[in-house]
Amino acid sequence: MINEKIVLFGTGGKLKYEKEKHPEIFNQLNIVACLDNNGALHKKVAGEIPILSPEEICGLEYDKIILMADYVKDMWHQLMALGVSTDKILLWSQFLCEGRHGIFVEYGSQFFHDDRKKVLMISTDLNYNGGTIAVLHAAKALMQRGYSVTVSAPGAEPKLIEEMRRQKIYLVIAPAIHFPQEEEIEWIRHFDVVLVNVFQMLRCACIVSRVRPVLWWLHESSAGYTRAYPLTKDNHWEYDNTDAMKYLHIMAVSGKAKENFNYYYPSRVREILPYGIPDTYMRDRKKEHKKHIFAVIGEVYRLKAQMIFLEAVSMLTEKERDHVEFWLIGKCGNDPYASEVKQKARGISEIKMLGELTREQMRAAYENIDIVVCPSLEETMSLTITEGMMLGKICITTDGTGIADYMIDKVNGLVCKAGSADELYLKMKWILEHTKRWVQIRKQARKTYETYFTMEKFGLRLQKAIEDTIHESGDERQGNPA
């Protein structure tokens, strides 16, 4: 990397941001020129580096061209039209993997058994988000069914690494796993099947599927596709087609997630693979608070619709709010939406903003929560509602969530129209007026969890999906589409 002659294509905000974030890398680079389509910048310099027109690449001596922009597809095609070899064009994120290929840092011990199928799960950076938790639960579910499981990611939070150690989940940090080359591919060949998580892994899923059966498990909301995922499809444009995906067995976590993916790739996802969560049901919980507690759990941002919840609360009369508290649990930043939520909450005395809680603190909070509310505009499932049903809570969700497919209004929970404070208010009012129905609704909520979302039920579904992936991949490669 140090001795290579580098050309940067793009001199705007992306370059400035990455130079500030990675000064140690830029200090080592031998940058011979910058390219930019802005004619006003030509013949100027960035530092001591000349800024040239892309057409001038033909007269330069270089080893690699790094695309310094968020959206790069047009830049890539522009260089190809100028005769640049594609193996010399790299995304910045791809370039960061240079020199890291073949690095595998192990956490925990894995003993492969000849009589057990070996499953590799590839994820984005591991932290405490829904996608990561789904992968860890999937790993546990398969381990319980006798598979040898390895989880791999470019990075992971130290606390999560320790938690995975305690749960005996074998983790391999591979910094270049998202851009697999010969070293990663050779390692991947040791596994019988690979589960690739989430849409951002488009490139990785397609490349790995050429050498091993791949189950691609999708979780994304429509907002995810319209906001972040055009970037994924632009950056990995050569894999953004059904032909590149022909060996992939693609499944979605819910009907919502299936619908969202099929909007871009019609009829490509046919099957649903709902997750499961461990059972931590508290049969003899001791409620310290005498008040009825409604709780919204999750980071404060617009899609989670905490403002809709606060507007619904404000519609309740003083008498209806008597002996009731409303908790907002989750990280709350200082962006305009979060500031709006905090200001609104300050005007309602029954609102308590508890902030982000640890897992231990969350378990204690659940002992006092009576009603779990998910006012989200859209969620492909809803982990908080699934947890609420597992714990035998009364749950309110919107028709914008995947979990709503498993709920019958006023039987095992309540469902209201997404984005409607009026409808959410009516559901909350109904709950307060029908306390005698609580016991039965709680029982039915718990029954729904036991029917669909236990680790055992998840393990059965996941095992079938894994075995189908292996068999269908074999059929596809032999020219016999399943």
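1. A residue counts as buried when its relative accessible area is under 20%, as exposed when that value is over 50%, and as partly exposed in between. The structure discussed here is a predicted model. Tyr225 has a relative accessibility of 2%, so Tyr225 is buried. Phe199 is buried as well, because its relative accessibility is 0%.

2. These two residues also form a ring pair. The ring centres of Phe199 and Tyr225 are 5.2 Å apart and the planes stand at 65°, so the pair is edge-to-face.

3. Tyr263 and Tyr264 make another edge-to-face pair, with 5.1 Å from centre to centre and 80° between the planes. Tyr263 is exposed, at a relative accessible area of 66%. Tyr264 is partly exposed, at 28%.

4. Phe199, Trp216, Tyr225, Phe261, Tyr263, Tyr264 and Tyr265 form one aromatic cluster. The structure holds 20 aromatic pairs. A ring also takes part in another kind of contact: Lys88 lies over the face of Tyr62, 5.1 Å from the ring centre.

5. What is the volume of the second largest pocket? The space in this pocket is about 1000 Å³. Its lining has 33 residues, and Ser93, Asp125, His178, Phe179 and His236 are the closest to the centre. Helix H1 (13-21), helix H4 (92-96), helix H8 (202-208) and helix H10 (229-235) are the elements that each give two or more residues to the lining. By class, the lining of this pocket has 17 nonpolar, nine polar and seven charged residues.

6. The search of the whole structure finds one cavity of 30 Å³ or more. The largest cavity holds about 40 Å³ of space. Which residues line the largest cavity? They are Val296, Ile297, Lys304, Val373, Cys374, Pro375, Ser376, Glu379 and Thr384. Five residues of this lining are nonpolar, two are polar and two are charged.

7. Asp370 deserves a separate point. Asp370 is located in the loop between helix H15 (359-366) and strand S18 (371-373). Is Asp370 buried or exposed? Its relative accessible area is 3%, so Asp370 is buried. A polar atom of the Asp370 side chain lies 2.8 Å from the backbone nitrogen of Ile293.

How values were computed. Residues numbered from 1 in each chain as written. Predicted model: local features only at pLDDT ≥ 70, side-chain atom pairs only at ≥ 80, totals over all residues. Heavy atoms only, no water. 1 Å grid on protein atoms, 1.4 Å probe; cavity = no way out; pocket = protein on both sides within 12 Å on 5 of 7 lines; lining within 4 Å. Points joined across faces, edges and corners; volume = space filled by probe spheres on them. Helix = DSSP H or I, 4+ residues; strand = E, 2+ residues; numbered from the N terminus. Nonpolar A, V, L, I, M, F, W, Y, C, P; charged D, E, K, R; others polar. Buried < 20%, exposed > 50% of the residue type's maximum accessible area, 1.4 Å probe, protein only. Polar contact = N/O pair within 3.5 Å; in protein donor to acceptor, adjacent residues only side chain to side chain. Phe/Tyr/Trp six-rings, centres within 6.5 Å; stacked < 30°, edge-to-face > 60°. Lys NZ or Arg CZ within 6 Å of the ring centre and 35° of its normal.
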